Amino acid sequence: MAATLGVAAVPADAAPTASTTTRTTACPTGWGSADKTRATATATPVQNIRTGRHVCFDRMVVDVPGAGRGSLGYSVRYVDRLHQDGSGQVIPVGGGAVLEVRVAAPAYDPATGKPAYPARAGRTLPGVDLTGYRTFRDARFAGSFEGDTQVGLGVRARLPFRVLPMDGRVVIDVAHTWSSAR
């Protein structure tokens, strides 16, 4: 019995057929929305705060160049309203929920008192544009008081998040949804 190989002629300008396979991305799970803290501190100042969009989450990065992972403390938690340290003044933050992000590093040079991060209390974070983000809605600087830098992160809803301390930065990821597939 002989095998026959069939060949079909296809015009060179024929359009490729679309695949009917839908791909989903498996996203990390198990983060939760409970408070996340780490009790340690550094005198190395915050230099920048930036954000990024990912398939499964939106990300905020607090840059503290020169600080080792082991010296970066933080407290990240959902709050009803963001109260500025020291004064207690309410800082309005847009969104369906507010994450209070505290990094145990000053936003000023401890030796001189001069700002290391050019933000102003109550204002949006310099250089941060949240247009097109699925989860993030607003990001406000609350201040830097007694060595802690405080930011309000407005998100679409109370969603799961994680905090990753790394050398020179603290990373906060907020999931787009509670499910594990996108």
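**A guided tour of the predicted model**

Begin by selecting the open sheet of 4 strands, which has the order S2-S3-S11-S10 and antiparallel pairing. Strands (E, at least two residues) are DSSP runs numbered from the N terminus, and two strands pair if DSSP finds at least two bridges between them. At the edges stand strand S2 (48-53) and strand S10 (161-166), each with a single partner strand, so one side of each has no neighbour in the sheet. On average, neighbouring strands of this sheet are turned by 15° against each other, direction ignored; the axes behind this angle are lines fitted to C-alpha atoms.

This is a predicted model, in which local features need pLDDT of at least 70 and side-chain atom pairs count only at pLDDT 80 or more, while totals for chains, interfaces and linings use all residues. Residues are numbered from 1 along each chain as its sequence is written, and side-chain values use heavy atoms, with hydrogens and water left out.

Colour the model by pLDDT, the predictor's confidence in each residue from 0 to 100. The mean for the protein is 88, and 85% of its residues reach 70 or more. Over residues 1-20 the pLDDT is below 50, and this stretch has 0 contacts (heavy atoms within 4.5 Å) beyond near neighbours in sequence.

**The edge of the sheet**

Next, select S10 together with strand S11 (residues 169-175): the two pair in the antiparallel sense over 6 bridges. Here arginine 162 stands opposite aspartate 173 in S11.

Move to S7, where 7 of 7 residues are buried (under 20% relative accessible area, with a 1.4 Å probe and protein chains only). In a regular strand the side chains alternate between the two faces of the sheet. On one side of S7 lie Ala97, Leu99, Val101 and Val103, and on the other Val98, Glu100 and Arg102; all are buried.

S7 pairs with S4 in the antiparallel sense over 6 bridges, and tyrosine 78 stands opposite leucine 99 in S7. S7 is also joined to S9 by 7 bridges, again antiparallel; the bridge partner of arginine 102 in S9 is glutamine 150.

**The nonpolar cores**

Of its 34 residues, Met60, Leu125, Leu153, Ile172 and Val174 touch the most other members. At least two residues each are supplied by strands S3 (57-63), S4 (74-79), S7 (97-103), S8 (136-145), S9 (148-155), S10 and S11. The largest share, 4 residues, comes from S7.

Centre the view on leucine 125, which touches Ile49, Met60, Tyr117, Ala139, Arg140, Phe141 and Val151, not counting residues up to four places away in sequence. Another core, of 6 residues, lies apart from the largest one and includes Val79, Leu82, Val93 and Ala142.

**The aromatic pairs**

Finally, show the rings of Phe, Tyr and Trp (its six-membered ring), which pair if their centres lie within 6.5 Å; planes under 30 degrees apart count as stacked, over 60 as edge-to-face and the rest as tilted. The count comes to 4 aromatic pairs.

Select tyrosine 78 and phenylalanine 161: their ring centres are 5.6 Å apart and their planes at 75°, so the pair is edge-to-face. Tyrosine 78 lies in strand S4 and phenylalanine 161 in strand S10, so the pair ties together parts 83 residues apart in sequence. Both residues, tyrosine 78 and phenylalanine 161, are buried.

Then select tyrosine 133 and phenylalanine 136, whose ring centres are 5.8 Å apart with planes at 10°, so this pair is stacked. Tyrosine 133 and phenylalanine 136 are both buried.

How values were computed:
Axes fitted to C-alpha atoms, helices over the stretch in contact; angles between N-to-C directions. Core = buried A, V, L, I, M, F, W, Y, C linked by side-chain atoms within 4.5 Å. Buried < 20%, exposed > 50% of the residue type's maximum accessible area, 1.4 Å probe, protein only.
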